[in-house]
Amino acid sequence: MHLKRSIKWGIIGCGKIAHKFANDLKAVPNAILYAVASRDLKKAQDFGKKYQTSTCYENYEALSIDPNIDVIYIATPHVFHYENTLMCLANKKAVLCEKPFAMNTAQVEEMITAAKKNNVFLMEALWTYFLPHYTYVLDVVTSNELGKVKMLKADFGFTTSFDPEGRVFNKKLGGGSLLDVGIYPLFAALSILGYPEEINAQATIGKTGVDEDCSIQLQYKNGATASLFSAVTKETDTTATLEFEKGTIIINSRFHEPSSITILKEGKSERIEFKVTTNGYNYEAIHVQEMLLQNHKESTVMSFEKSLQLINLLDTVREKIKLHYD
């Protein structure tokens, strides 16, 4: 048996999520964190030193043209995903881009077109899709062992200090609860129930012009419903509850990251733990490497269709709550 070749990663952006991803790459077989880029060279060098990465760049383009890199993880703020991805794709680099993929459907469509044109792999980094507890729940849904899902309720809310220039509240950086954390309850509804027939939403728009909280209600052709909530000004349980015909599954807090589940059936309660020792980003990285080694240009899990459906949902909700970005 021949050994799988190593995959050399580059990371664009050195923020909080990039640190988590870089740390988890250590748990990915045959993964090498080869290079990192920041607009601040010292920041890139500090990042590189922490994760034993010798190649550090002070601009993103330099990293994107490095011939030694197989795939680039884009971890910049929302509003830069589109331009950063297009640059990397134009330089024939495979891309794993953080969620949300881009700011609107038109941008996502252009990114997908560019990936196809350049014949390179592209995927939105919806890491939850690949986590053990979440794939377990999806298997239960698919197996129909608890019957059909009648209702989904999911939330994700947190509090942070108000900073009008910071990423969370700054409209120019794509701030607000919907794109930052509301995407997770929406993704849960999409991956579990599919695309809805009817979408309604309400939001509290704060003084910086972004949604500080957002409530979403989805209706499906089969009668199922989803009730979703996100916030950046209040803490919530950050759980997901699935009511089936024959029981209930609770994805315990925080449902979008490595967690446990509770199954309620026939008057009994069973809690299932999943032995995850990382932040959880290694699972999507393993998937990306498998796709690259199999010469896939699109994920077999987080497909282009899924990303288009998700951004369509986000765009529709933004229209409902009258949230517009420049």
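This is a predicted model: local features need pLDDT of at least 70, side-chain atom pairs count only at pLDDT 80 or more; totals for chains, interfaces and linings use all residues.

1. Residues are numbered from 1 along each chain as its sequence is written, and side-chain values use heavy atoms, with hydrogens and water left out.

2. Please start with the open sheet, where six strands run in the order 3-2-1-4-5-6 with parallel pairing. Strands (E, at least two residues) and helices (H or I, at least four) are DSSP runs numbered from the N terminus, and two strands pair if DSSP finds at least two bridges between them. Strand 3 (55–57) and strand 6 (122–125) are at the edges with a single partner strand each, so one side of each has no neighbour in the sheet. From one strand to the next, the twist averages 25°.

3. Within that sheet, six bridges link strand 1 (residues 7–12) and strand 2 (residues 31–37) in the parallel sense. Ile12 has Ala37 in strand 2 as its bridge partner.

4. Thr204 has Asp213 in strand 9 as its bridge partner. Five residues separate the two strands, and Gly209 in the turn has a positive phi of about 90°.

5. Which residues lie nearest the centre of the largest pocket? They are Gly15, Lys16, Ile17, Arg167 and Asp180, out of 30 lining residues. On a 1 Å grid over the protein atoms alone, a pocket is an open set with protein on both sides within 12 Å along at least five of seven lines, a cavity is a set of points where a 1.4 Å probe fits but cannot get out, and lining residues have an atom within 4 Å of a point. The largest pocket has a volume of about 810 Å³, volume being the space filled by probe spheres set on the points, with grid points joined across faces, edges and corners. Helix 1 (16–25) and helix 7 (177–193) each supply at least two residues of its lining.

6. Finally, the whole structure has one cavity of 30 Å³ or more. The largest cavity holds about 40 Å³ of space, and helix 9 (residues 304–321) gives the most to its lining, with four residues. Among the lining residues are Phe101, Glu124 and Leu310.

Conventions. Axes are lines fitted to C-alpha atoms, for helices over the stretch in contact, and angles run from 0 to 180 degrees between N-to-C directions.
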